[in-house]
Amino acid sequence: MDEIRQRLSVLAPSSLELIDDSHLHAGHAGARSGGGHYRLSIVSDAFSGKNTVARHRLVYDTLGDMMRRDIHALAIQARTPDES
């Protein structure tokens, strides 16, 4: 989780909450392969002027190869400071 937080720090979040729900998915194919299940709530000016899909894409791009290796599922709530 530290690496996820570190990578997301480039978005200069004013708030970031990351919850590891991997234990709830024991026995799931993604859990067996080592990929974690996470919930992310992030507030950043980087999301200003972007729709939901563009915000999620920005998060995925920022996490890069972790999305294929370390993260099996990521539920994202991405807001601007005005929306929080």
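1. Start with a strand pair. L16 stands opposite I42 in β2. The model is predicted. Strands β1 and β2 pair in the antiparallel sense, over six bridges.

2. The sheet. Three strands make up an open sheet, ordered β1-β2-β3, with mixed pairing. The edge strands are β1 (15-20) and β3, each pairing on one side only. On average, neighbouring strands of this sheet are turned by 15° against each other, direction ignored. As background, strands of a sheet pair through backbone hydrogen bonds, either parallel or antiparallel.

3. The core. The largest nonpolar core has 15 residues. Those with the most contacts inside this core are I4, L8, L40, V59 and L74. The largest share, four residues, comes from β3.

4. I4 deserves a separate look. I4 lies in helix α1. Is I4 buried or exposed? I4 is buried, because its relative accessible area is 3%, and the cut-off for buried is under 20%. Leaving aside neighbours within four places in sequence, I4 is in contact with L18, Y38, L63, M66 and I71. Then there is D70, 66 residues from I4 along the chain. The C-alpha atoms of I4 and D70 are separated by 9.4 Å.

5. Placement of α3. Helix α3 lies across β2 and β3. It runs at about 130° to β3.

6. Which residues of α3 are buried? They are R55, V59, T62 and L63. Seen down the axis of α3, the buried residues fall within an arc of 100°, so they line one face of the helix. The general rule is that an α-helix has 3.6 residues a turn, so residues three or four places apart point the same way. On the other side of α3, V53, R57 and D61 are exposed.

7. What the buried face meets. The buried residues of α3 pack against α1, β2, α4 (66-69) and β3.

How values were computed
Residues are numbered from 1 along each chain as its sequence is written. This is a predicted model: local features need pLDDT of at least 70, side-chain atom pairs count only at pLDDT 80 or more; totals for chains, interfaces and linings use all residues. Side-chain values use heavy atoms; hydrogens and water are left out. A nonpolar core is a set of buried Ala, Val, Leu, Ile, Met, Phe, Trp, Tyr and Cys residues joined through side-chain atoms within 4.5 Å. Buried means under 20% relative accessible area, exposed over 50%, partly exposed in between (1.4 Å probe, protein chains only). Helices (H or I, at least four residues) and strands (E, at least two) are DSSP runs, numbered from the N terminus. Contact means heavy atoms within 4.5 Å. Two strands pair if DSSP finds at least two bridges between them. Axes are lines fitted to C-alpha atoms, for helices over the stretch in contact, and angles run from 0 to 180 degrees between N-to-C directions. The arc is that of the directions from the helix axis to the C-beta atoms.
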